[in-house]
Amino acid sequence: VAEGLPEMKPPCPVNGMQVHSGETEILRKAVEDYFCLCYGKALGTTVMVPVPYEKMLRDQSAVVAQGLPEGVAFQHPENYDLATLKWILENKAGISFIINRPFLDPESQL
């Protein structure tokens with residue numbers, strides 16, 4: 001019977017990690033929603049607009065994300081760690097997007 005007890009303990013950390021990853025997923029979704037809201041505001045609307053992450057990362061001068069912590073580059077929320085996600089949400093009032101110009105399509109760059 002005593003041998004069975006240690007076998008029951010290992011699932012606890014796994015469950016703890018699942019809660020941790022669940023919290024991370026919730027925070028990622030909240031950050032993504034906030035980025036969509038910021039992008040919509042930058043476009044002049046009050047609705048959430050999907051952020052074109054790939055275009056923003058490819059053409060970084062077209063849209064600028066202001067207010068992120070020093071040393072943290074703009075990227076898709078799935079790439080941020082838990083601490084960064086929390087910081088973004090705690091300081092979201094200072095985060096905004098500025099659209100400098102429309103994105104250049106590969107065809108127009110030729």
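This section describes the secondary structure, nonpolar core, aromatic pairs and selected loop residues of a predicted model.

The model is predicted, so local features require pLDDT of at least 70 and side-chain atom pairs count only at pLDDT 80 or more, whereas totals for chains, interfaces and linings use all residues. Residues are numbered from 1 along each chain as its sequence is written, and side-chain values use heavy atoms, with hydrogens and water left out.

The chain contains five helices and two strands, assigned as DSSP runs numbered from the N terminus (helices: H or I, at least four residues; strands: E, at least two). Read from the N terminus, the order of the elements is α-α-α-β-α-β-α. Of the 110 residues in the chain, 26% are buried, where buried denotes under 20% relative accessible area, exposed over 50% and partly exposed the range in between (1.4 Å probe, protein chains only). The chain exposes about 7,500 Å², of which carbon and sulfur atoms supply 58%; accessible areas derive from the Shrake-Rupley method with a 1.4 Å probe, and for residues only the protein chains shown count as cover. Among contacts (heavy atoms within 4.5 Å) between residues at least 6 apart in sequence, 64% join residues at least 24 apart.

In soluble globular proteins, nonpolar side chains tend to be buried together. A nonpolar core is defined here as a set of buried Ala, Val, Leu, Ile, Met, Phe, Trp, Tyr and Cys residues joined through side-chain atoms within 4.5 Å. The largest such core holds 22 residues, and F35, V51, F74 and F97 touch the most other members. Two or more residues are given to this core by each of α2 (11-42), α3 (53-58) and α4, with α2 giving the most, namely seven residues. F35 counts as buried because its relative accessibility is 0%. Beyond its neighbours within four places in sequence, the contacts of F35 include V51, Y53, L68, F74, I88 and F97.

Five aromatic pairs are found in a search of the whole structure; rings of Phe, Tyr and Trp (its six-membered ring) pair if their centres lie within 6.5 Å, and planes under 30 degrees apart count as stacked, over 60 as edge-to-face and the rest as tilted. The ring centres of F35 and F74 are 5.4 Å apart with the planes at 45°, so this pair is tilted. Because F35 lies in helix α2 and F74 in the loop between β1 and α4, the pair ties together parts that are 39 residues apart in sequence. F74 is buried, with a relative accessible area of 14%. Y39 and F97 form an edge-to-face pair, at 6.4 Å centre to centre and 65° between the planes. This pair links helix α2, which holds Y39, to strand β2, which holds F97, across 58 residues. Both Y39 and F97 are buried. One aromatic cluster is formed by F35, Y39, Y53, F74 and F97.

In helix α4 (residues 82-90), the buried residues include L82, T84, L85 and I88. These cover an arc of only 165° around the axis, which puts them on the same side of α4; the arc is that of the directions from the helix axis to the C-beta atoms. The face turned away from the buried side of α4 carries the exposed residues A83 and E90.

Two loop residues flank this description. H76 lies in the loop between β1 (63-66) and α4 and is buried at a relative accessible area of 18%. Residues up to four places away in sequence aside, H76 touches E32 and Y53. G94 lies in the loop between α4 and β2 (96-99). G94 and L68 are 26 residues apart in sequence and 8.0 Å apart in space, C-alpha to C-alpha.
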